[in-house]
Number of protein chains: 2
Amino acid sequence: MVPDLPGLREVMAAADRIRSHVHHTPVVTCTSLDRLAGCALFLKCENLQKVGAFKARGATNAVLSLDPAQAARGVATHSSGNHAAALARAAAIRGIAAYIVMPTSAPAVKRAAVEGYGGRITPCLPTLAARESTLAEVVERTGAAFIHPYNNPVVIAGAGTAGLELVGEVPGLDAVVAPVGGGGLLSGTAIAVTESSPGTQVWGAEPAAADDACRSLAAGQILPSIDPKTVADGLRTSLGELTFAIIRRHVEGILTVDEAAIVAAMRLVWERVKLVIEPSSAVAVAVVLAHRESFAGRRVGVILSGGNVDLDHLPWA
Amino acid sequence: MVPDLPGLREVMAAADRIRSHVHHTPVVTCTSLDRLAGCALFLKCENLQKVGAFKARGATNAVLSLDPAQAARGVATHSSGNHAAALARAAAIRGIAAYIVMPTSAPAVKRAAVEGYGGRITPCLPTLAARESTLAEVVERTGAAFIHPYNNPVVIAGAGTAGLELVGEVPGLDAVVAPVGGGGLLSGTAIAVTESSPGTQVWGAEPAAADDACRSLAAGQILPSIDPKTVADGLRTSLGELTFAIIRRHVEGILTVDEAAIVAAMRLVWERVKLVIEPSSAVAVAVVLAHRESFAGRRVGVILSGGNVDLDHLPWA
């Protein structure tokens, strides 16, 4: 059973709800990057978003949507990092507790971010099973509302507000590319973009080493990646039922890239565009550079999903 | 003899002249940086400017201001890097030659940028004397118009357009801080900001290891730094007569910071703000963090002058 899918109406309501708590992020262009890609790129800078990632949008929408009784018991989640920081921040805005189950493999900078917003971390092993069982214990103990990182219609609607801003600001986009891990950003983007700008295609960008969305779309059923190894730490999760249903309906296709292409695209954006992006963001840029046949000569929006990296462990060092 | 100083009228004319050739760069804010600084910072992102630096503004204004006969013989300059790339690009826009005298110590990424825009590089030793004699030979041979990197009223007026955009976009700024090397950015900013927003102070930010502007202002005469050693490679040059005259008249003061503070501020902006800035830009951020008494509780614009760095040689590695 899939619950009612969110649509453009929910994305627009989310935009109103979160407006005063998140950045309307800039769209950046770069001639030298366009030349390399063979198309006109419009980079939506969610790396410059609060908490350094688009996740601020969905988490804030979710926390502000809770009824007062639910909110009083706090919120909880499991996350590899950016959703955790975003939920902790959103909870702090509303003055409620945030309980965060975080894998021991998460980068130190992401743990520090959660703690900086007052989030209470419970460590777990870096597997989906461990995350879920630890979270269940936390929810049982606290009564907190579980805010899933992506398989939640309110989180998806919030994530879609970045794409809504992008198509509102850049006319005539032929395509928008967003990275896909659990699918919250891609599904939210797909709703916002295809429903408000029918001429614009939405593509997913995925590491070949964690290609569950690509395989699931081909198979017509969710085929999770089991403990995938990719530098794009934000994209190791697999689709949920809700994100899968939306992506099947609204997304043109999923394109994949290998690890070397991800690292090269990340470095290219740092060097040429002067933006610090994390590997997950670089996947979307890498897809445009690698799959030129899909984008040549067109106007292409790219959602740079986040910029949280550990500067002491850069992937090209 | 100092020539007539440019004023707000010249900055506004420059803004009109260059508008279609440069970016109106975004202004970025960051709560965690504000908390550390104890004031509200508005970061003017000239690192996202064409050629990765504010220098695109002055060079473009200079090239587009040349009369056709002068322009036909091309332009020439000496530069540690960003002005060189900017002049090469501006010349390419107008379809004329750019002859660039560049010290052998310039970062590889800056040489590559000049060549990418079709500029013709003549290498020289990294001293002001070697730059000037090599440039004289080039100008003698080609008849090109010398476009000084900073001690030129048209270049200064162009540089001032960043500050003009900043005060036009962010109301009620108490202060604007810009780094100072040769003084083109600082003097242009001072004209644009103090003449269009009389309540806003302008401060210069300088490495203590290359503090000629600070010493010159105190002494009432230009006291150059001789071959200074600082990580802020764009700020090793000393004031010219023109920039000195403007800075004396319009700038509140020059504040200095040590090398460790510059590197720490650079890393902080990369990590928290997600912007790639070069060390020269970090000097302005470091000044705000180090001289809290001048900025506490105020609204402070900071001009992030550029983002051209060699990712293989980061100063904290």
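Mentor: In chain B, strand 2 (residues 40–45) and strand 10 (residues 299–304) pair in the parallel sense over 6 bridges. Strands pair here if DSSP finds at least two bridges between them, and helices (H or I, at least four residues) and strands (E, at least two) are DSSP runs, numbered from the N terminus. This is a predicted model, in which local features need pLDDT of at least 70 and side-chain atom pairs count only at pLDDT 80 or more, while totals for chains, interfaces and linings use all residues. Residues are numbered from 1 along each chain as its sequence is written, and chains are lettered from A and ligands numbered from 1 in the order in which they are written.

Trainee: Which residue does B:Cys45 stand opposite in strand 10 of chain B?
Mentor: Look along the parallel pair formed by strand 2 and strand 10 of chain B. B:Cys45 falls within the 40–45 run of strand 2. Its opposite number in strand 10 of chain B is B:Leu304.

Trainee: Which are the edge strands of the sheet in chain B?
Mentor: The sheet is open, with 6 strands and mixed pairing, in the order 1-2-10-7-8-9. An edge strand pairs on one side only. In chain B those are strand 1 (27–28) and strand 9 (253–257).

Trainee: In chain A, what is the bridge partner of A:Val176 in strand 10?
Mentor: Chain A also has an open sheet of 6 strands in the order 1-2-10-7-8-9. There, strand 7 (residues 175–179) and strand 10 (residues 299–304) pair in the parallel sense over 3 bridges. The partner of A:Val176 is A:Gly301.

Trainee: At about what angle does helix 13 of chain A run to strand 7 of chain A?
Mentor: Helix 13 (residues 279–290) of chain A lies across strand 2 (40–45), strand 7, strand 8 (201–207), strand 9 and strand 10. Axes are lines fitted to C-alpha atoms, for helices over the stretch in contact, and angles run from 0 to 180 degrees between N-to-C directions. To strand 7 of chain A, helix 13 runs at about 135 degrees.

Trainee: Which helix gives the largest share of the side of domain 1 of chain A that touches domain 2?
Mentor: The domain assignment, automatic or from a database, gives domain 1 (8–53 + 152–304) and domain 2 (56–146) in chain A. Counting residues as in contact if their C-beta atoms, placed from the backbone, lie within 7 Å, 23 residues of domain 1 of chain A meet 17 residues of domain 2. Helix 1 (8–18) and helix 8 (153–169) of chain A are the elements that give two or more residues to that side of domain 1. The largest share, 8 residues, comes from helix 8.

Trainee: What separation do the centres of domain 1 and domain 2 of chain A have?
Mentor: The centres are taken over C-alpha atoms. For domain 1 and domain 2 of chain A, the separation is 23 Å.

Trainee: How are chain A and chain B related?
Mentor: A rotation of 180 degrees with 0.0 Å of shift along its axis superposes chain A on chain B (RMSD 0.0 Å).

Trainee: Which residue of chain A comes closest to the rotation axis?
Mentor: In the contact between the copies, 13 residues of chain A meet 13 residues of chain B. The largest share of the chain A side, 3 residues, comes from helix 12 (residues 259–273). Closest to the axis, at 2.4 Å (C-alpha), is A:Leu275.

Technical notes. Contact = placed C-beta atoms within 7 Å. Least-squares fit on C-alpha atoms with pLDDT ≥ 70 in both.
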